[in-house]
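Good morning, and thank you for coming.

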Amino acid sequence: MEKIMISGFSDEISADFDEQLKVVSELGMEYISLRSADGKGIAEYTAKEAEEKLLPGLQAAGIRVSSLGSPIGKVGIDDEEGFANQLIQLEELCRIAKVLDCRYIRMFSFYIPEGKDPEDYREKVIEKLAKFDAIAKAHDIVLIHENEKDIYGDRKERCRVILDALGSDHFKAVFDFANFVQCGEDTMECWELLRDQVVYIHIKDAVASDKENVLCGTGEGKIKEILTRAIREEGYEGFLTLEPHLVLFDALQSLEVSDAESIIKENKAKDGAEGYSMQYHALKEILNSIERQD
């Protein structure tokens, strides 16, 4: 298990970056996925601001950054102005990643107009993603595509289309259990189809009946089953990144197209710090149980 590293979206703890680092440190974690800090999304920072405002706190706490939780690709496929802005943002995010000694930038594959067939947009999606890919390659950064609800690559087959077209040393996949559940997918089938390109895993669970997020291991994501297979049989090495979604947190509204309260109907902890800790300990128990199988 020494090559399995636990990270997490620490903005689910608090908007305050110092508080994020404090809680993460107290849990004994060494990594975070940096999505927002002090109420500001990572894509709103410049590399200079990251160096001056984020790096000192990270260094003082002994915390490293596993990935940048960017919003790249979370824009309408027909929004040309938005896409142009994201090309500029990605250039700066690559610089931020270098400042923070981070390899991975999480991204998406565009919102498809409601009521339209995503397959009608396949070529346009690939063409635009290829422009993101070219930027990452120029900076020697790895883009990791997340299977997110309501985007082109929300279901396993379309994720495969993207990875077949663009998969490379600079373009890989994030596997998110809950997002697949919320799209009506069987996560084991998703894993079998995509695992050769997965380099990063989000620890988030859900139930299909009402699409609500739940504590990892208690939903329909088959987290323990898939992690057992991935780690013990297939040699997965890398990050398991907590994304609890157990408490309504400040940045959530900006992350969800639909009402955030539809996926977190009630807080399952008193605050973000407790919810984050619950998810961490639930994951640790899953990993311990996998290790005890030796």
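I will speak about the sheet, then the helix pairs, and finally a cavity. Please bear in mind throughout that this is a predicted model.

Let us begin with the sheet. In general, the strands of a sheet are paired through backbone hydrogen bonds, in either a parallel or an antiparallel way.

Which strand pairs with β1? The partner is β12, residues 238–242, and the two strands pair in the parallel sense over five bridges. To locate this pairing on the display, please find Ile4, whose bridge partner in β12 is Gly238.

I now turn to the helices. Two packed helices are described by the angle between their axes and by the distance between those axes. Consider α1, residues 17–26, and α2, residues 47–61: their axes come within 10 Å and cross at roughly 20°. Angles under 35 degrees count as roughly parallel, and α1 and α2 are therefore roughly parallel to each other. Their crossing is right-handed.

Helix α7 takes part in two further pairs that I wish to show, one with α8 and one with α5. Helix α7 covers residues 187–194 and α8 covers residues 223–233; they pack at an angle of about 25°, with their axes 10 Å apart. These two helices are therefore roughly parallel to each other, and the crossing of α7 and α8 is right-handed. As for α5 and α7, their axes come within 10 Å and cross at roughly 15°. This pair is therefore also roughly parallel, with a right-handed crossing.

My last topic is the space inside the model. How many cavities of 30 Å³ or more does the structure hold? There are three. I shall describe the second largest cavity, which contains about 40 Å³ of space.

Its lining consists of His145, Asn147, Cys159, Leu163, Ala173, Val174, Phe175, Phe180 and Leu194. Of these residues, seven are nonpolar, two are polar and none is charged. Helix α5, residues 156–166, and strand β8, residues 171–176, each supply at least two residues of this lining.

How values were computed:
Residues are numbered from 1 along each chain as its sequence is written. This is a predicted model: local features need pLDDT of at least 70, side-chain atom pairs count only at pLDDT 80 or more; totals for chains, interfaces and linings use all residues. Side-chain values use heavy atoms; hydrogens and water are left out. Two strands pair if DSSP finds at least two bridges between them. Helices (H or I, at least four residues) and strands (E, at least two) are DSSP runs, numbered from the N terminus. On a 1 Å grid over the protein atoms alone, a cavity is a set of points where a 1.4 Å probe fits but cannot get out, and a pocket is an open set with protein on both sides within 12 Å along at least five of seven lines; lining residues have an atom within 4 Å of a point. Grid points are joined across faces, edges and corners, and a volume is the space filled by probe spheres set on the points. Ala, Val, Leu, Ile, Met, Phe, Trp, Tyr, Cys and Pro count as nonpolar, Asp, Glu, Lys and Arg as charged, and the others, Gly among them, as polar. Axes are lines fitted to C-alpha atoms, for helices over the stretch in contact, and angles run from 0 to 180 degrees between N-to-C directions. Angles under 35 degrees count as roughly parallel, over 145 as roughly antiparallel, 65 to 115 as roughly perpendicular and the rest as oblique. A crossing is left-handed if the near helix is turned anticlockwise from the far one by less than a right angle, and right-handed if clockwise.
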